[in-house]
Structures are given as C-alpha cells and as structure tokens.
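Here is a short briefing on one protein chain. Please look over the sequence and the model before reading on.

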Amino acid sequence: MTSPRRVVVATASYGAGHDEIAAALIEELRSRGPETVRVTDVDLLERCAPRSARLARVAYSAGEVFFPVGSGSVTRLAGSSPEDPVLRELLGSGIDSASAVLDALSPDIVVAVHPVAADIAAEVASRVGCT
C-alpha cells in the first residue's frame, strides 16, 4: 500500500476569492479519501508576517493596494522595493518561519491560491533548492 500524498494549500489572510478557491480545492482533494491524499491548509502570510497580514486585511477592506506589485521570489521583489516594510518583515524572520512550517509538514506538493502565498513559497523553495 502506498502512502497518501501530502498536499499543502497555501493561502494568505485576506481576499475572499482566494479563500473560496482554497476551500473548493481542499474539499475536492479530501473527497478522494485520507488513504489517497492528506491536505493541510496554511495561511503563510499570517504564519510568516502577522503584522503585515493584519495591515493587509485593513488595506484590502479599504480597497487599497498594500503589497508591492510584482511576482516571483520575495528577494527579487525586495530588490526593487528595499524599504518596503512588508518585504522587510518577510525577509526578516518570515521566510524562516515559512520554511519551518513547510519542513514540518513535509508536503509532496504546495499549491498556492494567493499571489503573496505563492511568493513566500517560491522564496522558501529557492532557499532550500527545490522547485
């Protein structure tokens, strides 16, 4: 008998659309049974940068842009916005925290349903040498 696949669904703590996508994905994966797949959802932004997560929720509610525009790894974004407090928090202890969380869960795959969660996961992957 093979071990169930371990899937982490990575989210961020603001924006209802992403939460709905995460919930639908988790429901579909879990419907396949625990012997096939084990799913864990993790709010990477809340776990890695709780102050920024709170500010992001407030900004999102007010219709304001909070995160730097761009995609890719957090390090790459920080190169174009070195003074951004969100990126400083993430690059401080945030990425190490995300790495510890993902290492503890030991997923076979990480599915990010929010661009900030994807950036955090990409940074962790680049630091540990995986894709």
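**Briefing on the chain**

Leaving aside its neighbours within four places in sequence, Ala98 is in contact with Leu44, Cys48, Ile120 and Val124, where contact means heavy atoms within 4.5 Å. The model is predicted, so local features need pLDDT of at least 70 and side-chain atom pairs count only at pLDDT 80 or more, while totals for chains, interfaces and linings use all residues. Residues are numbered from 1 along each chain as its sequence is written, and side-chain values use heavy atoms, with hydrogens and water left out.

**Overall layout**

- The chain holds six helices and three strands; helices (H or I, at least four residues) and strands (E, at least two) are DSSP runs, numbered from the N terminus.
- Read from the N terminus, the order of elements is β-α-β-α-α-α-α-β-α.
- Of the 131 residues, 40% count as buried; buried means under 20% relative accessible area, exposed over 50%, and partly exposed in between, with a 1.4 Å probe and protein chains only.
- Among contacts between residues at least 6 apart in sequence, 72% join residues at least 24 apart.

**Nonpolar cores**

- The largest nonpolar core has 20 residues, of which Tyr14, Leu44, Leu45, Ala98 and Ile120 touch the most other members.
- At least two residues of this core come from each of β1, α2 (44-48), α3 (50-61), α5 (85-105) and α6 (115-128).
- Helix α6 supplies the largest share of this core, five residues.
- Apart from this core lies another, of eight residues, including Val7, Ala22, Leu29 and Val39.
- A nonpolar core is a set of buried Ala, Val, Leu, Ile, Met, Phe, Trp, Tyr and Cys residues joined through side-chain atoms within 4.5 Å.

**The sheet**

- Three strands form an open sheet in the order β2-β1-β3, with parallel pairing; two strands pair if DSSP finds at least two bridges between them.
- The edge strands, β2 (37-43) and β3 (109-112), each pair on one side only.
- Neighbouring strands of this sheet are turned by 25° against each other on average, direction ignored; axes are lines fitted to C-alpha atoms, for helices over the stretch in contact, and angles run from 0 to 180 degrees between N-to-C directions.
- Strand β1 (residues 5-11) is joined to β3 by four bridges, and the two run parallel.
- Val7 has Ile109 as its bridge partner in β3.

**Thr11**

- Thr11 is found in strand β1 and counts as buried, at 10% relative accessibility.
- Beyond its neighbours within four places in sequence, Thr11 is in contact with Ala22, Val42, Asp43, Leu44, Leu45, Val113, His114 and Ala117.

**Helix α1**

- Helix α1 (residues 16-30) lies across β1, β2 and β3 and runs at about 160° to β2.
- At 1.5 Å a residue, the 15 residues of α1 should span 21 Å, which agrees with the 21 Å between its end C-alpha atoms; the expected span is 1.5 Å times one less than the number of residues.
- Ala22, Ile26 and Leu29 are buried in α1.
- Seen down the axis of α1, its buried residues fall within an arc of 65°, so they line one face of the helix; the arc is that of the directions from the helix axis to the C-beta atoms.
- An α-helix has 3.6 residues a turn, so residues three or four places apart point the same way.
- The buried residues of α1 pack against β1 and β2, whereas Glu20 and Glu27, on the other side of α1, are exposed.

**Helix α3**

- In α3, Ser52, Ala53, Ala56 and Ala59 are the buried residues.
- These buried residues fall within an arc of 130° seen down the axis of α3, so they line one face of the helix.
- Arg51, Leu55, Val58 and Ser61 are exposed on the other side of α3.

- Gly129 follows α6 and has a positive phi, near 80°.
- Ser106 lies in the loop between α5 and β3 and has a positive phi of about 45° although it is not a glycine.
- Ser106 is partly exposed, with a relative accessible area of 36%.
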